[in-house]
Amino acid sequence: MTVATLEGEAGPAVDRTSLKTKLRRAERVNRARSFSLVAPLLLFVLAVFALPIGLMLLRAVENTEVRETMPRTIAALDAWDGRETPGEDVFAAFAEDLVQTQKDRTTALVGKRINYEVPGARSRFLKAGRLIDAGGGGPWREKFIAADPEWGSVDFWAIMKRAGNTFTPYYLLTSLDLRQDAEGAVSRNFADQSIFVDIFIRTIWISLLVTLATLVLGYPVAHLLAILPPRHANVLMILVLLPFTTSILVRTTAWIVLLQSNGVLNDILLALNLTTERVQLIFNRFGTVLAMTHIQLPFTILPIYSVMKSIPPSHLRAARSLGAGPLTAFVSVYMPQTLPGVGAGCLLTFILSLGYYITPALVGGPQDQMVSYFVALYTNREMNWGQASALGAILLLITLALYALFNRFVGIDKVKLG
Amino acid sequence: MKLPVSASESFVEFAGVQKSYDGEVLVVKDLSLRIRRGEFLTMLGPSGSGKTTTLMMLAGFETPTSGDIMLDGARIDSLPPEKRNIGMVFQNYALFPHMSVAQNVGYPLKVRGLPKSEIAERVAKALDMVHLGSFATRMPGQLSGGQQQRVALARALVFEPKLVLMDEPLGALDKQLREHMQMEIRHLHERLGITVVYVTHDQSEALTMSDRVAVFNAGIIQQVAPPAELYESPANSFVAQFIGENNRLPGRIEAANGTLCSVVLANGDVVTATLTDAARVGEDCLLSIRPERVKIAPPGGPLDNHFEAVVAEMIYLGDHVRVRCVLDSGADVVVKVGNVEDRPVFSVGSRIPLGWRAQDCRALDAA
């Protein structure tokens, strides 16, 4: 052989380093080229996915309303020890801030923020604003307390001081039905405000029901798809994919037409004398799960189908020839091999179901609304973006936790989408 | 067709079996075949010849359109595969990927409800038999092709089936491993005394392993015979062509005298040949001569036929040289010349004398 060995005793060290440098240089071009191919998508994902989610998560703890609108009060409260009603300096600073907020028309904004934690605070702030508008001077402490004795409450000022922090756990705690009292201790929220844990449990429960329903209905279809001769399988596949060609909104409203009290299904049931009165099929849990199952079916079927397609038919034959009956062979040989697809399909449907909004909103009753409904409610109607973000953040956390749990017990590497 | 196996000693019997998938074309046409207990029978044929369909009917995965299949004296046509007690080895092993080697081999015992201790014992014995004793806890995906094949073998044998079917079990292995496994399967068969029905399209595999070979073509068994008989005296021109290398000389049978006949070639040359059942006097025929039976020898020797031919091509193959010659009739004749020290010396273009015995030259059907 005339080819020199690159490594070994004969190869001088200098040669080897220069070889490494050369290799790096050669690969740098390749790496830059492949990165430039990925870059547009990467930037797109960062800009429209990672960034908004990050900002949303930030909003869940962000707390700048009071700090920005009442800087003097917050500064004065810094020195306050919190043991008794603050002194005149705090009230004077508060009055000064109120003059500014009245001018900026932001008094109601601060009032609303404090109102989350101290019911009735909003109207008290508005009243204080009118007191400032009336004119006159200090001493403010007596003047405020005379107008409303609540201004003398130590708890109120403690909460006011805390509301001046840049970040607050308030929204996240509320989303978990917890509250922080004036001393900062965390306890269960008042019963009339404790709705969110139930909503999270309901969201997970409905998603589980939908996942189970799609699995039970979809598994046989996937099997049929996998074993039919191509000509028939294609027709069936088109039927499975057909729902994708219609928008979710159209499909959901179609269910309303079908299921409502004066709808097609009730007419048929009555005509066949199967029921004596009209059955409530929609605007309840049944309608919600039904419509969601319909939408989610393809997502469960397709991963299961593609895994089934890869199982050689000889496996079932082998099991039969070895003495297993058709059912035993199916359960012991075929089904275990479909588990990666079942895992993928169910995980996909479950996670997508957690975020459902439009379908439960249209075909569900008040007791069927999921977390997304309340996110929308707080975003659009209540204008409480902090609460909306906190709910979203916790939903995201639950999803990630369930995913981790799934990974721990099933293993995400065992999941196959095809 | 002659059936050398009598009804009393037959273990597996196909009686007038036909199979059609679409109701129009018969994939298996009127199949009758008897297999002895303990026999190694190979079904050999090109793809689409019906051999795999026949095997699948025996295994119970296909139902015959008509006819009977008997196993050990009982009709099994309506018996589902799991009740037939037939072990089967599949082309791609069909090992269950989610089970360990031991679980795979123990599967037939487990579905039969045997106690755990007995399963463990028999699995260990079966794995030892295929030299995989230390692989029990591995998963099939961690094994090489040959090892997987042995696991499949152990699994098909562990429940002591009456009959073992093998559907091209060595098709996916490389040549060297395939030859090794052929011997291993052959030895297992001898040691265990089981009846094996083996399907392959590889004629050398069929010759190496079998007690008897059934040659399939177009849904019909062309010949059932031990390997030597199949090679030495093929029943028709398809078998002669399919098994081994073969020189073909078209001609017409002029006259017959006992087992011999004289055949006239295209240019009027006359060849003395052995007459077979496949050909008749006065009709066109195809003469079949194995290349190693054609000698380079001047006239006057003990050979029945002598012709001169021109060397058209020589291919050096180490142990022998393949010489393609052209007879005066225009027909090609391939001669295998052993690479021995005193082999005749000639080159392309030389005119050499060829000769062969009448019993090595068989007059077969012209098809």
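I started at Lys295(B), which stands opposite Gly355(B) in β19(B). This is a predicted model: local features need pLDDT of at least 70, side-chain atom pairs count only at pLDDT 80 or more, and totals for chains, interfaces and linings use all residues. Residues are numbered from 1 along each chain as its sequence is written, and chains are lettered from A and ligands numbered from 1 in the order in which they are written.

**Entry 1: the sheet around Lys295(B)**

I looked up the strands next. Strands here are DSSP runs of E with at least two residues, numbered from the N terminus; helices are runs of H or I with at least four residues. Two strands pair if DSSP finds at least two bridges between them. β15(B) and β19(B), the latter at residues 351–356, pair antiparallel over two bridges. I then traced the whole sheet: it is open, has five strands and pairs antiparallel, in the order β15-β19-β16-β17-β18 (chain B). The edges are β15 (295–296) and β18 (332–338) of chain B; each has a single partner strand, so one side of each is left without a neighbour in the sheet. I noted the general rule too: strands of a sheet pair through backbone hydrogen bonds, either parallel or antiparallel.

**Entry 2: a hairpin in chain B**

I moved to β9(B), residues 212–217, which is joined to β10(B) by five bridges and runs antiparallel to β10(B). Ala214(B) stands opposite Val224(B) in β10(B). The two strands form a hairpin with two residues between them. In the turn, Ala218(B) has a positive phi of about 50°. Is β10(B) mostly covered or mostly uncovered? I found five of the six residues of β10(B) (220–225) buried. Buried means 20 or more other C-beta atoms within 10 Å of the residue's own, with C-beta atoms placed from the backbone.

**Entry 3: the annotated stretch**

I checked the UniProt record, an unreviewed entry. It annotates residues 12–243 of chain B as "domain: ABC transporter". Such annotations may be inferred rather than shown by experiment. Over residues 12–243 of chain B I read 36% helix and 26% strand. The end C-alpha atoms of that stretch are 25 Å apart.

**Entry 4: domains**

Domain bounds come from an automatic or database domain assignment. Chain B has domain 1 (7–237) and domain 2 (245–365). Their C-alpha centres lie 39 Å apart. The contact takes five residues from domain 1 of chain B and six from domain 2 of chain B; contact means C-beta atoms, placed from the backbone, within 7 Å.

For chain A I noted domain 1 (1–57), domain 2 (66–166) and domain 3 (196–414). The C-alpha centres of domain 1 and domain 3 of chain A are 43 Å apart.

Conventions:
Two residues are in contact if their C-beta atoms, placed from the backbone, lie within 7 Å. A residue is buried if 20 or more other C-beta atoms lie within 10 Å of its own, exposed if 12 or fewer, and partly exposed in between; C-beta atoms are placed from the backbone.
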